Structures are given as C-alpha cells and as structure tokens.
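Work through the exercises below with the model open. Each task is followed by a stepwise solution.

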Amino acid sequence: MATLTGASVAKDLESIGISVGLLGNPFFVATIKGIEDRAKEINPDVQVTSVSADYDLNKQVSQIDNFIASGVDIIMLNAVDASAIAPAVKRAKDAGIVVAAFDVSAPGANVTVMTDNVAAGAKACQYIVDNLEGGEGNVIIINGPQSSSIIDRVKGCKDVLSKHEGITILSDDQNGQASRDGGLDVMQSLLTRYDDIDAVFAINDPTGIGASLAAKQLGRDDFFITAVDGAPDIEEALSSGDSMIKASASQDPYVMAGMALKMGYDVFMGNEPEEDTVLLDPELITAENVDSYKGWTAPR
C-alpha cells in the first residue's frame, strides 16, 4: 500500500510505459525526455520504456497491451487515433493502470495535457488570411493521421478560412503522415495537380518542412507555408529570412509531457485532479518575433 512518507512514495512509482506517434519527430523525443525527467524526480530508479507507434493504430494497441501485461504503473499515451484507441485505454484502466494522455486526447484517459490545437490551427491560418493579397487566394491544407490534435488544428484553420469568401481550399484531405517525408510526397503530388497555389497550412512543422522541400525540388516559390510546433528547425528557418515557411503556432513538448506525468502521478497516488484536462496556449512565431521566442524548454 502506498503511504505518504517521502521514502515510500518515491519507491511506489516503479515503471512507466510511453507510446508516441513517431519517434522520428524531434517533438516526441522532447516529450519523452520531459516525462523521464519528471519521473526521476519522483523516483530516480523508475523504469521508463518508450516505444514508437509509427502512427499505426494496431501497433499502438499492441504496445498498450504489452504495458498492461508487464504491469506498469502509468501509461503515458500519445494516441494515434482520436476514438479507436478507447478499448485499449479501458483495458489499461480496468487493470488498475493510470493512463495520462499528452499532446492529444485519448478517450477515457485519467488526465490530459495538450496545446489548444483549435487555437493553434486558427492562429496559423489567420496569418495566411492576413498575408494573402486582398485576403483572397487558393489554400492547401496538408492533413495528417486522425489524432485529436490534428483534427482540431484543421478545424481551427477551416473556421478561420471559412469566414473569407475569397479563399478557396484546393485540398484538405491528403495525409502527410505528420512527417517530413510524408509532407514531401504529398506536396509533390499537389504541386503537379495545382498550378495556382497561394498558401499552405501544414498540420505540423515536419510536414511543413517536407512541403517546402517539394517546392524547391519542383522550382515553385509562388506560395508560403504555415505550420504548428515552433520547433528548433522552424526557428532556424524563420531566422534565415528566406524560408517558404513564414509562421508556426508553438508548443512546448517537454513541459507539456512532464505536466501530464505529474498529473498522472497524482492520480496514481489517489488524488483526483481539480481539472482532468489542461490546454496550453499556443504562440504564433514569425520572422518578426522569432528573436524573442524562447523556444522549446530544454531538458535540465
């Protein structure tokens, strides 16, 4: 039984399982570090196992079942699907495991910490509206895996664009896999299909970087790109002054995931949170304000 003495509390949290969408994305590397650092403050000997779902629902379900079988105390979940992960979450909770969602929601999770992704999409696409000549033009939305964060970003973007009759959305259903390679492949296809593009909203920074690479390869410079994450690569691009990527709504993966772990630990200790969902406000980063942007919190 857990007690509230310092020594026994520290030993109670023995193992954590983390499943993220894609370990190839620096964003998720930062989330894992945030979880590890906060967990080791609780128990320096805690065992942390991190796995990449590669945006494959079946793979993530298997990972959760493996965590259940190994008896972890907390599952830190970056759900790759906004709804279909629910049965796996229920199995974990039925087994007495706390499920803490981060970056995206997961139905049934004990706690959730994520960016206000509707606001992130809205801010990135308001930049598009404000920087299109006459507020008119052809816009592409490069979509991604249907996690809650991506669904919300696209919603926020569309809510903004729909208020302007002069804006036409040429495409909004192409899945760039939330990755650089996926953004490259999708944008190459879209560039061969559309001759007249004014702006692109990419659902995250890797997708946006891939889209800009596609444009360079095909000699296209007739549009600009906005995205979401505020990643170090985007800081560099915005600072360069010659990037096609002009704005990104920022997140802080290290802080976000660490906060989710702390909330999950509170639940593990029997303390229900006052609020089970925390939304963090995004900041729009552009070439004009990038010099004052503090960037992602670095691991300590």
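Contact here means heavy atoms within 4.5 Å. The model is predicted.

**Exercise 1. Helix packing**

Describe how helix H5 packs on helix H6, from contacts to crossing geometry.

Solution. 
- Step 1: list the contacts. On the H5 side they involve Asn117, Val118, Gly121, Ala122, Cys125, Gln126 and Val129. Their partners in H6 are Ser149, Asp152, Arg153, Gly156, Cys157, Val160 and Leu161.
- Step 2: sort the residues of this contact. Seven are nonpolar, five polar and two charged.
- Step 3: Two packed helices are described by the angle between their axes and the distance between the axes.
- Step 4: read them off. H5 spans residues 117-131 and H6 spans residues 148-161. Their axes come within 7 Å and cross at roughly 40°.
- Step 5: H5 and H6 cross in a right-handed sense.

**Exercise 2. Aromatic pairs**

Count the aromatic pairs, then characterise Phe27 with Trp296 and Tyr127 with Phe224.

Solution. 
- Step 1: apply the cut-off. Rings pair if their centres lie within 6.5 Å. The count is four aromatic pairs.
- Step 2: take Phe27 and Trp296. Their ring centres are 5.8 Å apart, with planes at 80°. Planes over 60 degrees apart count as edge-to-face, so this pair is edge-to-face.
- Step 3: Phe27 is in helix H2 (residues 26-42), and Trp296 is in the segment after strand E12 (284-286). The pair therefore ties together parts 269 residues apart in sequence.
- Step 4: check burial. Buried means under 20% relative accessible area. Phe27 is buried at 2%. Trp296 is buried too, at 14%.
- Step 5: take Tyr127 and Phe224. The ring centres are 6.0 Å apart and the planes stand at 80°, so this pair is edge-to-face.
- Step 6: Tyr127 belongs to helix H5 and Phe224 to strand E9 (residues 224-229). They are 97 residues apart, so the pair links distant parts of the chain.
- Step 7: check burial again. Tyr127 is buried at 15% relative accessible area. Phe224 is buried at 12%.
- Step 8: look for a cluster. Phe27, Phe28 and Trp296 form one.

**Exercise 3. Positive phi**

Are Asp103 and Gln177 buried or partly exposed, and where do they lie?

Solution. 
- Step 1: note the backbone. Asp103 is not a glycine, yet has a positive phi of about 75°. Gln177 has a positive phi near 60°.
- Step 2: Asp103 sits in the loop between strand E4 (98-102) and E5. Gln177 sits in the loop between strand E7 (167-175) and helix H7 (180-193).
- Step 3: compare accessibility. Asp103 is buried at 4%, whereas Gln177 is partly exposed at 36%.

Definitions and conventions. Residues numbered from 1 in each chain as written. Predicted model: local features only at pLDDT ≥ 70, side-chain atom pairs only at ≥ 80, totals over all residues. Heavy atoms only, no water. Axes fitted to C-alpha atoms, helices over the stretch in contact; angles between N-to-C directions. Helix = DSSP H or I, 4+ residues; strand = E, 2+ residues; numbered from the N terminus. Left-handed = near helix turned anticlockwise from the far one by under 90°. Nonpolar A, V, L, I, M, F, W, Y, C, P; charged D, E, K, R; others polar. Phe/Tyr/Trp six-rings, centres within 6.5 Å; stacked < 30°, edge-to-face > 60°. Buried < 20%, exposed > 50% of the residue type's maximum accessible area, 1.4 Å probe, protein only.
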